[in-house]
Amino acid sequence: EPDPQIYTKRTVRNVMDADATLWMGNPYSPGGRLTLGTCKRLGKLFIINPTPQDLMDFLERHGVVILNVAGNREHTNPGIQRRTAELLIDALEGRL
């Protein structure tokens, strides 16, 4: 029988293992509340739905090396996967 807390455990571990979290989508969704609440509880940095420039500035200002990329699922937020990929490419192409 699968562990009913698997998503919660994975979310907490992902936040713990990263320098900061990027949240894409609805921050008031159950996943948003869990992820961002975990960031706050653990004193971890996070940014919500940034522009590419805001994300690049955030990463540089805080020296982020490991970024937890989290957000709503595609079926609850259509287009989120494409928007997230485009954001990361636009923000990081000058840093790599």
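Biologist: Which residues does Ser-29 touch, not counting residues up to four places away in sequence?
Modeller: Ser-29 touches Trp-23 and Asn-72, where contact means heavy atoms within 4.5 Å. Before we go on, this is a predicted model: local features need pLDDT of at least 70, side-chain atom pairs count only at pLDDT 80 or more, and totals for chains, interfaces and linings use all residues. Residues are numbered from 1 along each chain as its sequence is written, and side-chain values use heavy atoms, with hydrogens and water left out.

Biologist: Where is Ser-29 found, and why is Ser-29 called buried?
Modeller: Ser-29 is in the loop between β1 (20–24) and α2 (30–42). Buried means under 20% relative accessible area, exposed means over 50%, and partly exposed is in between, using a 1.4 Å probe and protein chains only. Ser-29 has a relative accessible area of 12%, so it counts as buried.

Biologist: What makes Pro-30 exposed?
Modeller: Its relative accessible area is 62%, so Pro-30 goes in the exposed class. Pro-30 is found in helix α2. Helices here are DSSP runs of H or I with at least four residues, strands are runs of E with at least two, and both are numbered from the N terminus.

Biologist: Is Arg-61 counted as buried or exposed?
Modeller: Arg-61 has 58% relative accessibility, so it is exposed. You'll find Arg-61 in helix α3 (residues 52–62).

Biologist: How do you know that Arg-13 and Asp-17 meet in a salt bridge?
Modeller: The definition asks for a side-chain nitrogen of Lys or Arg within 4 Å of a carboxyl oxygen of Asp or Glu. For Arg-13 and Asp-17, the N to O distance is 3.5 Å, and that qualifies as a salt bridge. Both lie in helix α1 (residues 6–17), four residues apart, about one turn of the helix. Arg-13 is partly exposed, at 45% relative accessible area, and Asp-17 is partly exposed, also with 45%.

Biologist: How many salt bridges does a search of the whole structure find?
Modeller: The search finds two. Besides the pair in α1, Glu-86 and Arg-82 meet at 3.3 Å, N to O. They sit four residues apart in helix α4 (residues 80–92), about one turn of the helix. Glu-86 has a relative accessible area of 39%, so it is partly exposed, and Arg-82 is partly exposed with 48%.

Biologist: In what order do the elements of the chain run?
Modeller: From the N terminus on, they run α-β-α-β-α-β-α. That comes to four helices and three strands.

Biologist: Why does the radius of gyration agree with a compact globule?
Modeller: The radius is taken over C-alpha atoms, and the globule rule is 2.2 Å times the number of residues to the power 0.38. With 96 residues, a compact globule would have a radius near 12 Å; the chain has 13 Å, so the two agree. The C-alpha trace spans about 45 × 30 × 20 Å along its principal axes, and 35% of the 96 residues count as buried.
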